[in-house]
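This briefing goes through a protein model topic by topic. Please keep the sequence and the 3D view open while reading.

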Amino acid sequence: MGSKIKFILILCLLNLTLACGPVHNSVGSNTANSLGEDSGEVFSKTVFPILDNNCTICHDGGTSGPAFAVSDPNISQNTLLNFGLVNLNNPSSSKLISEIESGHNGISTSIAADLDAAINDWLSQISESENESEL
Ligand code: HEC
């Protein structure tokens, strides 16, 4: 094979890998705690248990669903944020909630209310702790 053709083939392969990479399947690339130090801790006690109990079969990175139900709560949190599944300005209209509310893979729609309460709890607790420590 000519080296030019090889080069082009390699470029194509590279392009395929990049373009068809784990876009929907990836965990959050952002491992820094973008919502402050306490956030992961609060998240692990509010939203995380619901995801861990109900969503791991399909959201642990093994399927096409975004991998927010993984064992590390920090990665779980950051994945939700990176995929825009939590609306920080209006927590109750988060996609994470509406997706379940409208019926999602046989998940009980009552879990939407649990998620709603948990997301609001999480975000209000971190805004309180921010006020305490920073201001
Ligand atoms: C039986 C498998 C299955 C279960 C269980 C499941 N999901 Fe999913 N989910 C998927 C798949 C596959 C996708 C990607 C395709 C799609 O958007 O429907 C997805 C997509 C999503 C999306 C949309 C992501 C986006 O970027 O638009 C949200 C939000 C979501 N799931 C939330 C949940 C939550 C919350 C739970 C647990 C309470 C859950 N899912 C349980 C299979 C599942």
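Helices (H or I, at least four residues) and strands (E, at least two) are DSSP runs, numbered from the N terminus. On that basis the elements run α-α-α-α-α-α-α from the N terminus on, that is, seven helices and zero strands. The model is a predicted one, in which local features need pLDDT of at least 70, side-chain atom pairs count only at pLDDT 80 or more, and totals for chains, interfaces and linings use all residues. Residues are numbered from 1 along each chain as its sequence is written.

**Confidence and overall figures**

- pLDDT is the predictor's confidence in each residue, from 0 to 100; its mean for the protein is 82, and 73% of the residues reach 70 or more.
- Over residues 11-32 the pLDDT is below 50, and this stretch has 22 contacts in the model beyond near neighbours in sequence.
- Where pLDDT is low, the predicted coordinates should not be read in detail.
- Two residues are in contact if their C-beta atoms, placed from the backbone, lie within 7 Å.
- Among contacts in the protein with a separation of 6 or more, 57% are made by residues 24 or more positions apart.
- A residue is buried if 20 or more other C-beta atoms lie within 10 Å of its own, exposed if 12 or fewer, and partly exposed in between, with C-beta atoms placed from the backbone.
- The protein has 135 residues, of which 25% count as buried.

**Shell around the ligand**

- A residue is near a molecule if its C-beta atom, placed from the backbone, lies within 6 Å of it.
- The ligand is surrounded by 19 residues, and the closest are N54, C55, C58, G65 and E99.
- Helix α6 provides the largest share of the shell, four residues.
- By class, the shell has 10 nonpolar, seven polar and two charged residues; Ala, Val, Leu, Ile, Met, Phe, Trp, Tyr, Cys and Pro count as nonpolar, Asp, Glu, Lys and Arg as charged, and the others, Gly among them, as polar.

**Nonpolar core**

- A nonpolar core is a set of buried Ala, Val, Leu, Ile, Met, Phe, Trp, Tyr and Cys residues joined through C-beta atoms within 7 Å.
- The largest such core has 21 residues, and V47, L51, L96, L115, I119 and W122 touch the most other members.
- Helices α2 (39-45), α3 (47-54), α6 and α7 (110-134) each supply at least two residues of this core, and α7 gives the largest share, six residues.
- Leaving aside neighbours within four places in sequence, W122 is in contact with V42, F43, T46 and V47.
- V42 is in helix α2 and counts as buried because it has 22 C-beta neighbours inside 10 Å.
- With neighbours within four places again left aside, V42 is in contact with W122, Q125 and I126; V42 and I126 are 84 residues apart along the chain, with their C-alpha atoms separated by 7.3 Å.

**Helix α3**

- V47, F48 and L51 are the buried residues of α3.
- Seen down the axis of α3, these buried residues fall within an arc of 95°, so they line one face of the helix; the arc is that of the directions from the helix axis to the C-beta atoms.
- An α-helix has 3.6 residues a turn, so residues three or four places apart point the same way.

**Helix α5**

- In α5, the buried residues are P73, S76, Q77, N78, T79 and L80, and the buried residues of this helix pack against α2, α3 and α6.
- P73 lies in α5, which spans residues 73-82, and counts as buried because it has 21 C-beta neighbours inside 10 Å.
- Not counting residues up to four places away in sequence, P73 touches G40, F43, S44 and F48.
- P73 and G40 are 33 residues apart in sequence, and 6.5 Å apart in space, C-alpha to C-alpha.

**Loops on either side of α6**

- P91 sits in the loop between α5 and α6 and is buried, with 20 other C-beta atoms within 10 Å.
- P91 touches I119, N120 and L123, not counting residues up to four places away in sequence.
- The C-alpha atoms of P91 and D121 are separated by 9.6 Å, and the two residues are 30 apart along the chain.
- N105 is in the loop between α6 and α7 and has a positive phi of about 50° although it is not a glycine.
- N105 counts as exposed because it has 10 C-beta neighbours inside 10 Å.
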